[in-house]
Amino acid sequence: MGFPLLSSLVFIPIIGMLVVMFLPKERHQVIKWTSTLISVVPMLISFWLVWDYFFKYAGDAAMAYVEGPVSWIPILNIQYYLGVDGISIPLLALTGLLSTVSLLASFNINFRVKEYFAFFLLLEAGMMGVFVALDFFLFYVFWEVMLVPMYFLIGIWGGPRREYAAIKFFLYTLFGSIFMLVAILILYFTSEPHSLNILELRATGSAMSYSLQMVCFIFLFIAFAIKVPVWPFHTWLPDAHVEAPTAVSVILAGVLLKMGTYGMLRVSWPMFPEALRSLSFWIALLGAIAIIYGALVSMAQKDLKKLVAYSSVSHMGYCMLALGAISSVQAITGCMFQMISHGLITGALFLLVGVLYDRAHTREIAAFGGIGAKLPIYSGIMVFFSMAALGLPGMSGFISEFMIFIGAFSALSKVMVGISVLGVVLGAAYMLRMVQRVFLGEFDQKRWGGLTEINFREIVTVGPLMLLTLWIGIYPKPLNDLMAATLENLVDLMAR
Amino acid sequence: MEFQLPEYNLLKMLPEIFLFVWALVVVTFDLGTKRKTGSTVGYLALLGLVVTGVILIFTGYGRGFGNMFFNDPLALFFKMIFLGASFMAIGSSFGLTHQKIVNHRGEYFGLILFSTVGMMFLSSSNELLSLYIGLELTTIPLFVLAAFFKDDKLSVEAGVKYLVVGAFSSALLLYGLSFLYGLSGTTDILLMKVNLAVTQLKFEGNIGIILIMTIMLLLAGIGFKLSLPPFHQWAPDVYEGSPTPVAAFLSVGSKAAGLVAFAKIMVNGLYVFYDPVMTPNDWGILVGVLAAAAMILGNVVAIRQNNIKRMLAYSSIAQVGYIMIGMLSFNELGMSSVAFYIFTYMFANMGAFAVVAFFEDKTGSCQIESYSGLAKSSPLLAAAMAVFMLSLAGIPPLAGFLAKFYVFAAAIKMAGTDSAYHWLYWLVGIGLLTSVFALYYYANVIKTMYFSTSDSPYKLRLTAPALMVVLIGLVGVFLFGLYPEPIMKFASNIPASLGFIID
């Protein structure tokens, strides 16, 4: 075994947190730069993992860079067991990238700076941990660890209703987690010898009786669906997104929501094939409802950030639709593409909304107009990402939605997929309407004459997201090759 | 029959004897120096506890006084908890002594030590009478301690209330024990098991009524000590009125003692009913209902509390509900999980109470809202409190989570192996659901400390003994959350030593 790369992804941010905690409180710049530089390390490691994995392991569905299993709590046979495959590798890189980007975007935090950056690094550790854990208990621990810094980040640095949003997020997610805990316990006592190794549990789960499979599957589904969030479990999302500070919204949309869909693909989908088969229609239906519902609600929003938040509900709906089309590798691949592309695009949109909010101190769509003339660079970038979000060909959103629809069309009810496609049209409608009302039209010189253009640091934060969006949009093959073997294996497992 | 003197083996009792003598030393030292010793007497008490702990380790396993006094893994484990709780309670009492009880330091610390001795005897005794005496030695000093602020109406009320309730419940317990004696003809728990099994009692006629009464009386007697609903009403008032470290000691030490009594009398002593007439299930479901009530009532009512001591009182009622899930699992995992739970609970709860006690000493307030903005003015205090709250709420990777997981695991295991125990699923379900409620009020404390934009008027720096207690709490909560192995391993010896697994 070589250098424990995966452990370092988790523990470097934790060490960073400890370092930041011991920095002098009033040296804001030192704290900001230290934590950003620390987060660069796991980011580079995660990039290197993508590179290395692509050339060495991408053709194989087996776990790579495995660490452990080392016995952690022997009495309960709980292990410290890490490993990655084609579905966790790109999400790790996304987490690494968005963490650094968000830390850079947090430089305008000007009170309780030390706590903010310490919590942020803890959050990063938790996210990385979820994507590398292969022991279900460990997975659960990371899943929960992340809630605490998130609670603080929303609650201290958030908007006017931050206390409400923070506790709602915390309670809602914990409510989901208790279902996961029950499923963990059932799986643990069903497996023989008792184990919580996710890979071994695949055999345990699929050998269970149908009714027990259903119970476990539904319990896990509730836990993951709350995180995604799948309609009707989405009500925490608008509150949390709107109240959270910009960088936290980016992480919420870019990484946290993905943990729900990742959990499904990693844990429950391949574990309970029978239950999955009988429920796949309903899962896809929830996805279809989310697509249309999210898009319609987005259209009615007056607040820019809320619009982006509800568009997330719609976009994650595509993922759920794809996850319902279990027989199609194409749809599942599309789901992975959508997860990554949504992370990039929505992350960028939240960053850009934050940029405007910092200057204008309002996010009300109706308050703006004609900004395009005053802030050409900012508007250009914003329009770029709006186009990406509505699925313009040549950008990542198009690829993922296209793959999902092609896959789902063959695997699912044609009517349902047909209706879901309307979501694309609606998506175009709310995005274009927003672009038109904010960037075009008459410019209010008196009110917005003092607006300043997007600065260099802010361009640096969205730049990489822009490049990746374009790259995946134009040349998706490398990403596809990265995940192909793993996803094929997953689909085989689901078809057992 | 020839009467044989039992082997006394006094050496096995050395820790108790030493601590008893030391308690006398502490009291007389304070008197002898004309009450001018300052906090020296407190440090003396702490030293005594440490020395007792060392003696305890070297004493090892064994038995004395025939079958009356056992030093088995159960006793050893719980004695560690009692010593630890006592240590932390005394450690957080130093601020108190300066302000309010200047002239009675010796008695105050001495009484805590006496109560600790009682708990230690209780956990070692395997005989109904000595067990009862241990329980009394535990609670009688606590009556006095609860009323220690003589000029404070609330404290006096707490003392009287606790005295009345405590005496009443002891009477009930004693009545129940007398029935047990009548049925089995012995007070030795091991012998009692055998005798009860041989006599093949049935739920018929007078014997049936007596059986039911026995169980009811025992349950009520111990239920009061555990503050298990509907026997919980005294707890919030007593916690609120007593000196805060005493409330802390009540919530951990005295509760652990009640659990030991429950395990010894109910789980162990009555388990033999398994074969002929009664399964533990018959009264297990009854206790299960009480445990469910504890979790629901404790967690829901705690949400409404403004006073942090009352909140912690209700939280401790709820925590007993969780512990009872493990107890009612009636399997090896269950008994070890109970021990592990109370062990980790000690760190989190004593730590939280230490913060509350320190805050109260400095500011005179126990209202949750006066903690507002504490994170900025006193970061360490607030951070420690936040960690304790999260551990009590059961958020990983803190020890409180692992304890809950362990307890639930035990219950699910039992429910899965024996269909008669399916009701445990419901209990686990209620436990999990109410733990979401619990998060609300624990997080509320964190919210008050961290999210407030206004500045706190208090800039508090922890003083040495309080800092020590808080650090012990923090280390325990983190260490046993991340590396629980040694304690879990130790705790896994307990069921066998309790001997309640017959087959």
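Apart from its neighbours within four places in sequence, Ser206(A) is in contact with Met271(A), Phe272(A), Pro273(A) and Arg496(A). This serine of the predicted model belongs to helix H8 of chain A, which covers residues 198-207. Is Ser206(A) buried, exposed or partly exposed? Ser206(A) has 18 C-beta neighbours inside 10 Å. A buried residue needs 20 or more and an exposed residue has 12 or fewer, so Ser206(A) counts as partly exposed. A contrasting pair is Ser206(A) and Glu442(A): these two residues are 236 places apart along the chain, and their C-alpha atoms are separated by 61 Å.

The domain assignment gives domain 1 as residues 1-271 and domain 2 as residues 273-496. Taken over C-alpha atoms, the centres of the two domains of chain A are separated by 22 Å. Where the domains meet, 47 residues of domain 1 are in contact with 49 residues of domain 2. On the side of domain 1 that touches domain 2, several helices of chain A each supply at least two residues, among them H2 (28-56), H3 (88-105) and H8. Helix H11(A) provides the largest share of that side, with 13 residues. By class, this side of domain 1 consists of 32 nonpolar, 11 polar and four charged residues.

The view may now be widened to chain A as a whole. Its secondary structure comprises 21 helices and two strands. The radius of gyration of chain A is 22 Å, close to the 23 Å that the globule rule gives for 496 residues, and chain A is therefore as compact as a globular protein of that length. Along the principal axes, the C-alpha atoms of chain A fill a box of roughly 70 × 60 × 45 Å. Of the 496 residues in this chain, 61% count as buried. Among contacts in chain A with a separation of 6 or more, 81% are between residues 24 or more positions apart.

Leaving aside neighbours within four places in sequence, Tyr151(A) is in contact with Ala166(A), Phe169(A) and Phe170(A). The C-alpha atoms of Tyr151(A) and Glu163(A), which are 12 residues apart along the chain, are separated by 9.0 Å.

Two packed helices are described by the angle between their axes and the distance between the axes. Helix H7 (residues 153-184) and helix H9 (residues 205-226) of chain B pack at an angle of about 150°, and their axes are 8 Å apart. The crossing of H7(B) past H9(B) is left-handed. Among the residues that meet there are Leu172(B), Leu173(B) and Phe179(B) in H7(B), and Met213(B), Leu217(B) and Phe224(B) in H9(B). The contact of these two helices has 14 nonpolar, five polar and one charged residues.

Technical notes. Residues numbered from 1 in each chain as written. Chains lettered and ligands numbered in written order. Predicted model: local features only at pLDDT ≥ 70, side-chain atom pairs only at ≥ 80, totals over all residues. Helix = DSSP H or I, 4+ residues; strand = E, 2+ residues; numbered from the N terminus. Contact = placed C-beta atoms within 7 Å. Axes fitted to C-alpha atoms, helices over the stretch in contact; angles between N-to-C directions. Left-handed = near helix turned anticlockwise from the far one by under 90°. Nonpolar A, V, L, I, M, F, W, Y, C, P; charged D, E, K, R; others polar. Domains from an automatic or database assignment. Rg over C-alpha atoms; globule rule 2.2 N^0.38 Å.
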